Amino acid sequence: MELQRIVDRVAARVKRPALIEDRRQRVVVYSEHTGLIDGVRRSSILRRHTTPEVIAWAREIGIMEARQPVRTPARPDLDLLPRVCVPIRHQDLLLGFVWFIDAVDGMTDDDISVVTEAMPDLSLALYRENLLGELTSQREAEATRTLLVESPEARREAVRSLLTDGVVARDGQVTALVAQLAVTRDDVLDDAARIALEHALVATRQWVGSRETLHLVRHDHGVLLLCGGRATGRAAAGDAAAHLDQALRAATRGLASVSRTVLGVGDDRPRLYDSVLSYQEAFQAARVGVQLPALGPVVPWAGLGIYRLLSGVDARHLDVARVHPGLGRLLGDEAHQVLLETLEVYLDLAGHAHATAERLRLHRTTLYYRLQRVELLAGTDLKDGNERLCLHLALKLGRLTGRYQPDR
């Protein structure tokens, strides 16, 4: 490989290991490493990408705008030794960076000149590498995007393309996972959050198997499709979801813009053509999970219960008062929170008074008093099955819209 030969030659001349990243700071190639290295370099080589924290640090010191070599200081808190970063540009287009650890016998100006003299060959080789890689990635991303649209003919063509190009090993059972990052402001993912999201998706693809998975980063969420079913030896959907959950947490740790991560899991579908159905379920499950933290970080569509119905209702029609006007009045007053929580547990347990009292650690008399207060204030009758249904539905709707936010 042309790029490998060039980086090996440059590293030999300056007598220190070199690592090349593309403009998104994914590892492209590196020379043989001997001598002193730090945790960041070790992790980059093993994982083929650096961490979001290090990417944020590198951007803060201006490497994206640099036209000349940059010397960077040590960051002990990141396990990062001093470095020399040389930007790689082709006709002023930023392609990536060459990184050298600069901790012992620092690089001289002559050493840096050796690197800059090799830049024409290096930039051309990386340009070719990026072009080939991006064309392949774009074809895969476009086919994956097409799998998730409504048009039957477009989906059939996407399946043919993925199978013909060998992107996926075989057709068969597919399960969609949707990763949603709960952001702290503006409901928009910033660059660091988007990079972290893609890193987690790629890491999980590598763990499951690149030809048993597809991934896509959309404007506010990420998608991972598990393809081929268990017959290929692919990891189970539950195991893949657990791995992606851990990867998301690790990738977003320390990012101020992300408050938590949620993963929606769609139901299995028999073939790639049906990916859109599993994706829609996973997307809705993730949305509900963002609204309802009590559901946990991994939210299967199959376990959503009544929220499967409510999540598909137009937001303009999600009005608690339309389902039960009396309960709508109680939701508007924080003084009634305890009554509402008692009512919800009672209805969750199918009106079983003994189980409700045990769950809430209440004396049965106290439970009956609270339920009578609910009947009086909401103008309802808990012995009426239709009233119970409306009350229960209104409480779940209140959770989904944020009007009802109990501690549990």
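Predicted model: local features only at pLDDT ≥ 70, side-chain atom pairs only at ≥ 80, totals over all residues.
What covers the buried residues of helix 8? Helix 8 takes in residues 237-252, and at 1.5 Å a residue its 16 residues should span 22 Å; the C-alpha atoms at its ends are 22 Å apart, so the two values agree. Its buried residues include Ala237, Ala240, Ala241, Leu244 and Leu248, and Asp245 and Thr252 are also among them. Now for the cover: it includes helix 3 (52-60), helix 7 (191-208), strand 6 (175-183), strand 8 (221-226), strand 9 (258-265) and strand 10 (298-300).

Next, let's look at the nonpolar residues. In soluble globular proteins, nonpolar side chains tend to be buried together. Here, the largest nonpolar core has 31 residues, and Leu304, Tyr307, Leu327, Leu340, Leu343 and Leu395 have the most contacts inside it. Among the elements that give two or more residues to this core are helix 9 (275-291), helix 13 (337-348) and helix 16 (385-401). Zoom in on Tyr307: leaving out residues up to four places away in sequence, Tyr307 touches Val288, Leu292, Lys396, Arg399 and Leu400.

Finally, some rings. A search of the whole structure turns up two aromatic pairs. In one of them, Phe97 and Trp99 are tilted, with 6.4 Å from centre to centre and 50 degrees between the planes. Phe97 has 0% relative accessibility, so Phe97 counts as buried; Trp99, at 4%, counts as buried too. Elsewhere, Arg155 lies over the face of Tyr273, 4.2 Å from the ring centre.

Key:
Residues numbered from 1 in each chain as written. Heavy atoms only, no water. Phe/Tyr/Trp six-rings, centres within 6.5 Å; stacked < 30°, edge-to-face > 60°. Buried < 20%, exposed > 50% of the residue type's maximum accessible area, 1.4 Å probe, protein only. Lys NZ or Arg CZ within 6 Å of the ring centre and 35° of its normal. Core = buried A, V, L, I, M, F, W, Y, C linked by side-chain atoms within 4.5 Å. Helix = DSSP H or I, 4+ residues; strand = E, 2+ residues; numbered from the N terminus. Contact = heavy atoms within 4.5 Å. Expected span 1.5 Å × (residues − 1).
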